[in-house]
Structures are given as C-alpha cells and as structure tokens.
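Hi,

Here is the structure I promised to pass on to you.

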Amino acid sequence: MRLAGLVILAAGMTTIVAARSLEISRLHSRLSVPPLYDDVSYFLDAIGWMNAAEGQSILASAWGLLHHHAPFSTLVAAIGFTLFPGSFIGPYLVNVVVVFAFLLGIVWLLWRRPVLEIAACLIAVPCVPVLWHTVTEARPDLPSGLAIGLMAGAIVHRGVLDRSVRSLAGLGVACALAASIKPTAFPAALVLLGSAFAIRLFADCIQAGGLRLSVRAAFSALLWFMLPLIATIAALIGPALVETVTYIFNVFVGQRDLWSTGESFWPGLLRFSIGGEGQFGLRYWLAIGLALMLLRLVLAAIHGKAALLDAVVLLATVLVAYAIPSVAEIKTYYFGAMFYGLFIVAMVLNGCVSFALVEELLARFGLHNDIRRTTLTAARVLMLAVVAQLFLRHVVIGQISTATPLSVQQQESIRVATERLWSLLRDMKPEQPGPLTVGFSSPYPVTSATIHLYAAQAKMNLVIRNELFHRSAQATGDALLKSEILVLSSSIPHTLVGPRVGDELMARMDADKCVCVLETMTFPDVTLRVYRRGC
C-alpha cells in the first residue's frame, strides 16, 4: 500500500506538470509554431529511421539507431510519432515518462524514510522549473541531466564498500545508461559520475580505518563498478564514437568562437547558480537547497565525523557538477542540466537526512518517545502542507515558464514564413536532374530542418545546406551560391549562431544578375527573401 500510494502520487504530480507544461507550450512556445531547433533535428532523425526500418530487421534497425546523434531522443520522437501520427505533440508527451521515472527514482533513494517525508519531496520536486522544461523540450539535455543527477545521488547517498557485487555492477550499468542519453556530453557525464564514485570511495576508506587497510576492498568495488560502466558505454556509444568525438571537437574547438559567450571568468562561474540560467532553472529552490545543505552540515558537525563526512561527500559531488559546465567557455542553459538534476537530488537527500539527524538529537536529549514522535510528525505534516501550497500556487494555477519562450510576433513570423516557403518549394522542380538544393543563411524565421522534415514526411528529394557557420558575409554568400534556391533573412539582433550579415547578403544577391527573387516576406522583426540561382 505504501509503494502503491507513492507511485500514484508520483503519477498524479507528473500528469499535472505535463498538462500545464504542454498548455503553456501551445500558447507561448514550441507547440505554437512548426518544429524549431534543436528539437526538429531529432524529429527528422526519427522520421528517417522509421522510414528505413520498414525494410529492415529489428537488429539492423537497432544498429542503425545507435549511429544517430542521440539515439534516446530519436527513439522518443519515433514512439511519439507512432502514438500520435500527424502531430508533433507525441515526442513531448513521451518525455513525461522521464519526469515520472525521475520521481520514482526519488522514491527509491528515500525509501527508508517516513512516507510523509517522501510525499513532501514528490510534491516539492515538480515545483522546480527544470521539470517543466523537460516536458516542453525534445532535446536530450534535460532528461540526461535528471538521469545523471539521480545516478550521482545514488552513488553518494550511502557507502560503496559495503555494497554487493550485484549492486555495484547494476549501478555501473545504470550510470552508463544515464550517460548515453546525450552521447555528445558523455565525457562530462563520466567525469561527474567517476568523481562521485571516487569521492564516496575515498570517504568510505577513511571510515574503514584508512586507505592502507581497505585498498583491496576499494579496488574490488572500483572494478565491479567500472567494468559494467565501460562495457555498457562501449555498446551504446561505441558504434557512433567517431562521429560523436568529431562533433564535440567541431563545436568546442572549430566553432568555439561562434558559440562562446565571451564573458569574463566570474560572471561565467556564477551563471548556473545566481546567474540567469540558475535562476531560470531553479528559481527560489536554489536558496532552499543551499539552506538545506548548510543545515545538514551544521547538524552533521554536532553528530560527529561519520555524519559530517557523508554531508561533505554530497557537497563535494554537487560542486563538481557545478564546476564542469561553469569552467567551459561555451555556455547555454542546457549545459547546466547535470548540475540542476544533482542539485534537486541533493536537496531532497539533505532535507530527509536533516530530519533524521534532528530525530537523533531529540533522542539524545532524552525527549520522551511519544513527544518526539508527535513533534516530528507535526513537522512533517507542516512541511507537506507548505510544499503542497507551493505546488498549487506555482504549478497548478500559476504561470509556469518554458525553456523556449516565443512572443506573439515571433510565432506569427515563424508560422507564416515556414508555411509560405514550404508551399513554394514542394511543387518546385530542379533545373538539372537530381534533388533540389536549398541553402539557408539563418535559422530564423524558417528553421531549415523543418523544411527538411516536411520533405522527408512527403518523401520529397530535397537537399538542405546550412550556411550558418561562416565568419564573413563574403564566405557565406559564396557558399549560398552553391545551392539552387537561396533563403536569406535580414540582419536581426539575435543570440543565434552566425554573424549578422543578412542585409549585406541580400544587397549582394539583389545586385547579382544571375540570381532572381522568387518571394519576399516582410514581418515587423525580420524580412525573408527567397532567390533562385541561374534564372
């Protein structure tokens, strides 16, 4: 009955979060417009994989899936399209399973605590904006962050030296599965998970009497954790390892100047905590989590070395999760996902452990059992009532946020421009035998992959060229002229990749007698012009 009740509560919380998140997405975010970056890339991969799977065996389809940029997101999108054909809501609804699994993971971590504490945590966690954003984004970053945070918490919440071989091996496999959700982030995920295990193992050795006395047991525990982890990572990421490493190198080295923020060290260091990204993903829960961390440290210091060491292990792991995205030169909200996930897990662990330490203190002071139980029960009921009203105010009836907010004008520009461009292209024939080649200078207001997705769904032979990563207008224009159809956007203030050279490009194409204008679309925030080369 206890398990069933907690599962039902987790399912109820997930349902409410999903309903509210999808509602806000339909009004102000991705579901209000045609698919946008980066989600549309995974939709396109899913459509391509599903089309190819029609003439393949299950084994061949699985092998093909492992070669995708993010097999998890491709699979989620494919399931969504299968369950909800003709709609783009499916992949987002399937992401609800990630939120539900995360809440069940919280139940698993806190299983030995009183049911009122677990229930309070299940109500509090969906109040954190990261959970809302996980539903409204089809990219793998946030699911990966939640899974990695849960696994890091599972490593450090209790000792590893006293775990069985089966438990360590299962933990290694689970960590590998979490790291594989976003293959391009697997080096960072392995650093965090490996650091968490090393910190926990070092603390266990200290508690066992020192490194010299426990070195054999420590080596055995490390071996049984690492071997399944490496084997599973090799099986899931190995088939596309070359492509994954090449992508990482291109983004963080070759295109670093295009993606980097250019901010100084200290603002970058604070970005995922009190900076914009941290406030957006965690809001006031950052302060609550830090307060619970401090409370646990104070209570642990009163209890002695063992309790203090456990608190320091969790704190050190959170700091590692924070440092990894903070020291990187390239920063986005999504890069902080593993920190957000672990911070949420640390928050609930610190809260429940603090309750346990307070209970031990009351017993130490000789408080009568009945009085102690009544006091603690009243405190738990009060905590449950507080988080319930927070959930009611900020999730059920409040204005929740979305990771990709779009203004009314942006929605109109994206919808109209995409529909008109697709209607223009779908009936167009290439001048020479072969596919029609379309080059794009900007991802706004039309996402090139959206046109590619529509073409894949219509089984139309279309080649899309993204000329977004050139450093100058001259280089961008030369690259665009290699396509038959040119789609150019005017210069707009934006945070998107690529230089703001739209106006210069349009002036060049207007003056080129070998290029003619097919369509001009003017919106309050941008002008889109479609050209044909060789007319």
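Below is what turned up, going through a leucine in a helix, a surface patch and a pocket. Keep in mind that this is a predicted model.

Let's start with Leu-299. You'll find Leu-299 in helix α17, which covers residues 285-303. Is Leu-299 buried or exposed? Its relative accessibility is 8%, and buried means under 20%, so Leu-299 counts as buried. And what does Leu-299 touch, leaving out residues up to four places away in sequence? The answer is Ser-354, Leu-357, Val-358 and Leu-361.

Next, go to the surface. Leu-75, Ile-79, Leu-83 and Phe-84 make up a nonpolar patch there, and together they have about 330 Å² of accessible area. One of them, Leu-83, belongs to helix α4 (residues 71-83). Leu-83 has a relative accessible area of 54%, and the cut-off for exposed is over 50%, so Leu-83 is exposed.

Last stop: the second largest pocket, with a volume of about 850 Å³. It is lined by 25 residues, and those closest to its centre are Leu-109, Arg-112, His-157, Arg-158 and Leu-349. The elements giving two or more residues to this lining are α6 (96-109), α9 (141-156), α10 (165-179), α18 (305-327) and α19 (337-364). Which element gives the largest share of the lining? That's α19, with six residues.

Cheers

Definitions and conventions
Residues are numbered from 1 along each chain as its sequence is written. This is a predicted model: local features need pLDDT of at least 70, side-chain atom pairs count only at pLDDT 80 or more; totals for chains, interfaces and linings use all residues. Side-chain values use heavy atoms; hydrogens and water are left out. Helices (H or I, at least four residues) and strands (E, at least two) are DSSP runs, numbered from the N terminus. Buried means under 20% relative accessible area, exposed over 50%, partly exposed in between (1.4 Å probe, protein chains only). Contact means heavy atoms within 4.5 Å. Patches are made of residues with over 30% relative accessible area and no salt bridge: like charges are joined within 9 Å, nonpolar side chains (Val, Leu, Ile, Met, Phe, Trp, Tyr) within 5 Å. Accessible areas come from the Shrake-Rupley method with a 1.4 Å probe; for residues, only the protein chains shown count as cover. A salt bridge is a side-chain nitrogen of Lys or Arg within 4 Å of a carboxyl oxygen of Asp or Glu. On a 1 Å grid over the protein atoms alone, a cavity is a set of points where a 1.4 Å probe fits but cannot get out, and a pocket is an open set with protein on both sides within 12 Å along at least five of seven lines; lining residues have an atom within 4 Å of a point. Grid points are joined across faces, edges and corners, and a volume is the space filled by probe spheres set on the points.
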